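Subject: Structure handover

Hello,

Here is the structure you asked for. My notes follow it.

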Protein chains: 2
Amino acid sequence: MQDQSGSVLSEAELGALATRSLIGLGLDPKDAADTAGILVLAEMFGLGTHGVGRIESYGERLDIAGINPRPSITVEPVAPALIRVDGDNGVGPLVGMRAMEAAMQAAATTGVALALARGSNHFGPVSPYNYMAAQAGFASLIGSNATTTIAPWGGSEARLGNSPCGFGFPNPGGDPIILDMAISVAARAKIRNAAKAGQPIPDTWATDRTGRPTTDPNEALNGFLLPIGGHKGYGLALVVDLLAGLLSGAAYLTHVKSWVDAPEEPQNLGHYFLLIDTKRLGASDWLSGRMSDFADILHSTPPADPKAPVLVPGEIENRNLARARRKGVRLDPSLLAKLQALAARVSPG
Amino acid sequence: MQDQSGSVLSEAELGALATRSLIGLGLDPKDAADTAGILVLAEMFGLGTHGVGRIESYGERLDIAGINPRPSITVEPVAPALIRVDGDNGVGPLVGMRAMEAAMQAAATTGVALALARGSNHFGPVSPYNYMAAQAGFASLIGSNATTTIAPWGGSEARLGNSPCGFGFPNPGGDPIILDMAISVAARAKIRNAAKAGQPIPDTWATDRTGRPTTDPNEALNGFLLPIGGHKGYGLALVVDLLAGLLSGAAYLTHVKSWVDAPEEPQNLGHYFLLIDTKRLGASDWLSGRMSDFADILHSTPPADPKAPVLVPGEIENRNLARARRKGVRLDPSLLAKLQALAARVSPG
């Protein structure tokens with residue numbers, strides 16, 4: 001195990017520490033490395049809330065057997081391009097990686113393939129999967145269902161999740177276009193920040209507990225997040241759950257168990273991984289030419305604010321990744337210490 | 001040709017009239033019937049703006065050879081589950097139907113399949129395709145790019161389309177769940193109505209021509225529609241265009257020709273049809289049980305307004321369809337007369 005005197009780690013150091021801490025939590029070394037890969041990439045994209053810090057929360061459930069550290073994940077092709085995956089209540093990013101690998105392998109033959117996973121848990125952020133798929137030449141549509149935090153449009157009880165979904169498009173030789181989003185207008189963290197600052201919030205962010213839009217962040221924290229575009233976002237959140245939960249054989253809507261209320265029970269979350277092999281559609285020159293032109297058209301749009309040029313989705317993450325590869329990633333010292341403590345559970349081999 | 005004394009038509013009468021009017025515009029009878037099928041279903045869903053009235057606007061371009069009435073549509077499988085379709089500048093719903101049929105046929109073998117169409121035109125509303133796919137047991141993700149009406153997030157020039165996209169999930173023996181949406185918060189028609197009424201609009205609907213949010217409907221009509229969820233909807237609109245336009249080989253973003261500014265030129269619109277054969281995932285009892293439970297969970301949510309129960313996407317369209325099948329569809333007399341005039345071009349056989 002490498003010495004960590006500072007709190008800036010290289011990609012390799014962070015990967016080794018994250019892997020070892022997951023081994024410390026009981027994972028098989030290969031499974032630990034694949035799980036770490038997703039969380040390390042998230043950390044390097046600048047997605048600190050979905051990075052290696054998740055090892056701590058996953059660890060709390062691994063330690064009480066709420067998550068299975070040594071799952072027997074089954075991959076069942078039900079047709080040449082359609083695969084069912086049972087995660088056996090394994091760590092989410094591990095189930096996700098196995099499902100994505102199966103979909104990539106099938107899509108390499110059939111051009112398009114879909115893996116539907118059940119029996120899973122929180123699978124991290126979506127963009128690292130989209131990024132990995134794009135680097136291998138696959139466009140991807142990926143998503144997961146989640147614990148209920150959103151009320152149906154016009155309803156006053158949380159019955160669906162924030163439905164994280166991501167999309168990736170390869171750009172041979174350049175940065176892929178990647179969109180990773182949840183369906184709420186704003187994250188709960190932004191509402192908590194407004195409450196701390198004593199500031200009102202826009203009435204489009206959340207409702208109070210009776211389902212009525214509110215500008216009071218404290219009422220909002222007792223209420224429900226609002227989806228983007230009202231009934232449109234409500235519908236999109238349902239689409240994600242229909243793919244990730246209903247068709248996969250996983251739990252859906254209120255059947256999804258809360259990891260906060262019942263950390264010791266399997267959540268039975270579901271995910272979908274739809275992969276499109278872009279190499280079947282044209283040569284890499286053809287694709288990179290079109291992707292560059294696409295980005296150029298967007299970048300050259302006159303901005304409303306001259307100081308804020310138009311961006312392409314994923315641009316910030318790609319920039320953060322390049323910088324993290326040059327300069328390393330700074331970890332919070334307390335998180336570093338926690339990961340080191342988990343890693344120290346592994347007897348030096 | 002049936003006698004049309006009133007303006008309420010049965011599904012069969014409307015289908016026959018729409019088909020004959022398209023034959024009058026030069027389409028082959030089979031092509032005309034398939035094109036009419038989409039527009040008639042839209043009319044019965046209550047989507048009057050996207051129903052058989054479109055035959056008039058398609059007809060204006062067919063009459064000046066801006067759309068090819070007798071296209072040689074080519075269907076090219078580039079892998080077992082991935083199909084490229086060239087619409088040869090045919091009428092959009094015809095190209096759409098040929099692409100969807102190809103995707104359904106492939107998905108029946110491979111479980112999942114994607115058809116990407118180029119060389120097309122406005123393909124009507126999305127929900128009729130999703131409905132037809134659902135009735136055949138396929139879940140579907142379908143979309144099209146469109147003439148530019150939306151500015152990139154933070155930009156002040158229209159560079160992407162409103163990106164209509166639809167999603168359908170079969171429910172054996174019951175109504176499918178169907179979501180058909182464009183990416184803007186509000187349609188331009190709603191802004192025009194506010195302008196006529198002298199009413200302000202919410203500042204989330206549109207920007208003025210400099211890209212700044214406005215509550216003045218007249219400024220908004222000179223400006224740009226805003227996407228749902230700001231940067232999220234901007235990203236989703238791009239995803240639709242990346243699939244429908246960039247990967248398909250069609251035009252994308254500002255390369256899409258406007259049918260208003262250049263009605264005589266091919267638009268080279270693109271569409272995607274992604275089909276999932278749900279019969280591979282479980283028996284129809286399994287699926288209908290889960291779909292009923294899914295809808296029940298949503299319907300039983302306590303509503304914020306007791307007079308407005310929570311709906312499931314597609315519920316209004318399904319209800320309209322059932323009523324239209326019982327009672328027929330009322331057509332505006334002037335539209336009826338126009339369709340009859342087009343149909344009268346066909347010499348009685």
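By what turn and what shift along the axis can chain B be laid on chain A? A turn of 180° and a shift of 0.0 Å along the axis do it, with an RMSD of 0.0 Å; the superposition is by least squares on the C-alpha atoms of residues with pLDDT of at least 70 in both copies. That is the relation of a two-fold axis.

Before the rest, two notes on conventions. This is a predicted model, in which local features need pLDDT of at least 70 and side-chain atom pairs count only at pLDDT 80 or more, while totals for chains, interfaces and linings use all residues. Residues are numbered from 1 along each chain as its sequence is written, and chains are lettered from A and ligands numbered from 1 in the order in which they are written.

The interface

The contact between the chains takes 58 residues from chain B and 58 residues from chain A (two residues are in contact if their C-beta atoms, placed from the backbone, lie within 7 Å). Seven elements of chain B each supply at least two residues to the side that touches chain A: strands 2 (74–79), 4 (112–120), 8 (165–169), 9 (177–181) and 12 (269–277), with helices 8 (231–246) and 9 (284–299). Helices (H or I, at least four residues) and strands (E, at least two) are DSSP runs, numbered from the N terminus. Helix 8 of chain B gives the most to this side, with seven residues. By class, the side of chain B that touches chain A has 36 nonpolar, 14 polar and eight charged residues. Here Ala, Val, Leu, Ile, Met, Phe, Trp, Tyr, Cys and Pro count as nonpolar, Asp, Glu, Lys and Arg as charged, and the others, Gly among them, as polar. Of the interface residues of chain B, 100% are also interface residues in chain A, so the copies meet through the same surface.

The sheet in chain B

Chain B has an open sheet of seven strands in the order 2-3-4-12-5-8-9, with mixed pairing (two strands pair if DSSP finds at least two bridges between them). Strand 2 and strand 9 of chain B stand at the edges with a single partner strand each, so one side of each is left without a neighbour in the sheet. The twist averages 10° from one strand to the next. Strand 2 of chain B runs antiparallel to strand 3 (residues 82–86) of chain B, and five bridges join them. Within this pair, Glu76(B) has Arg84(B) in strand 3 of chain B as its bridge partner.

Helix 5 (residues 127–135) of chain B packs on the sheet and touches strand 5 (138–144), strand 8, strand 9 and strand 12 of chain B; its direction makes about 20° with that of strand 8 of chain B. Axes are lines fitted to C-alpha atoms, for helices over the stretch in contact, and angles run from 0 to 180 degrees between N-to-C directions.

Strand 5 (residues 138–144) and strand 12 (residues 269–277) of chain A pair in the antiparallel sense over seven bridges. Ser144(A) stands opposite His271(A) in strand 12 of chain A.

Helix packing

Helix 1 (residues 11–24) and helix 2 (residues 29–45) of chain A pack at about 135°, with their axes 8 Å apart. These two helices of chain A are therefore oblique to each other; angles under 35 degrees count as roughly parallel, over 145 as roughly antiparallel, 65 to 115 as roughly perpendicular and the rest as oblique. The contact of helix 1 with helix 2 of chain A has 11 nonpolar, three polar and two charged residues.

Helix 2 of chain A also packs with helix 4 (residues 92–110) of chain A, at an angle of about 95° and with axes 8 Å apart. Helix 2 and helix 4 of chain A are therefore roughly perpendicular to each other. Their contact includes Asp31(A) and Ile38(A) of helix 2 of chain A, and Pro93(A) and Met97(A) of helix 4 of chain A.

Regards
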